[in-house]
Amino acid sequence: MPCLYITTNLNLDGIDTHPIFSEATTAVSSIIGKPQKFVMVILKSSVPISFEGNKEPAAYAEIVSMGGIDSEVKRKLIATIGTILQSNLSIPRTRFFLKVFDTTAFRTNSKI
């Protein structure tokens, strides 16, 4: 199950966040190749974030998935999620950072 956790310094009270959840779920599902029903999106706002030494709109996100992530998928995720945040929250893509983690990348076979 892929999980996308987005944190931003913007206050989202009173803002319709449904498009962000919808677009992010669809994007993660199609890029990673997992059904939408298995994609979790978490959006946390009003978190103190300083980027480039200032507190202008910025976002940090992490995506964790069990498989399906390679270099090309990482590039697509960064570009697509950055575009979603820019179009819905006016967060410039240059002020967005995405950490990508595939839990199967470090599996070792048991010697039992």
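Reader: Where does serine 46 lie?

Author: Serine 46 sits in the loop between E2 and E3. Keep in mind that this is a predicted model.

Reader: Why is serine 46 called partly exposed?

Author: Its relative accessible area is 44%.

Reader: What is the phi of serine 46?

Author: Serine 46 has a positive phi of about 60°, although it is not a glycine. For background, most residues other than glycine have a negative phi.

Reader: Which label does glutamate 52 get, buried or exposed?

Author: Exposed, because the relative accessible area of glutamate 52 is 60% and the label needs over 50%. Glutamate 52 lies in the loop between E2 and E3, and its phi is positive too, near 60°.

Reader: Now aspartate 102: why does that one count as buried?

Author: Its relative accessibility is 11%. Buried means under 20%, so aspartate 102 qualifies. You'll find aspartate 102 in strand E4, which runs over residues 96-102.

Reader: What makes the link between aspartate 102 and threonine 104 a polar contact?

Author: Their side chains come to 2.6 Å, and the cut-off for such a pair of N or O atoms is 3.5 Å. The aspartate 102 side chain also reaches the backbone nitrogen of glycine 67, at 2.8 Å.

Reader: How many aromatic pairs does a search of the whole structure find?

Author: One. The rings belong to tyrosine 60 and phenylalanine 97.

Reader: And why is the pair of tyrosine 60 and phenylalanine 97 called stacked?

Author: First, the ring centres are 5.8 Å apart, and a pair needs them within 6.5 Å. Then the planes: they are at 10°, while stacked asks for under 30 degrees. So stacked it is. Tyrosine 60 lies in strand E3 and phenylalanine 97 in strand E4, so the pair ties together parts that are 37 residues apart in sequence.

Reader: Are tyrosine 60 and phenylalanine 97 buried or partly exposed?

Author: Tyrosine 60 comes out at 28% relative accessibility, so it counts as partly exposed. Phenylalanine 97 has a relative accessible area of 47%, so it is partly exposed as well.

Definitions and conventions: Residues numbered from 1 in each chain as written. Predicted model: local features only at pLDDT ≥ 70, side-chain atom pairs only at ≥ 80, totals over all residues. Heavy atoms only, no water. Helix = DSSP H or I, 4+ residues; strand = E, 2+ residues; numbered from the N terminus. Buried < 20%, exposed > 50% of the residue type's maximum accessible area, 1.4 Å probe, protein only. Polar contact = N/O pair within 3.5 Å; in protein donor to acceptor, adjacent residues only side chain to side chain. Phe/Tyr/Trp six-rings, centres within 6.5 Å; stacked < 30°, edge-to-face > 60°.
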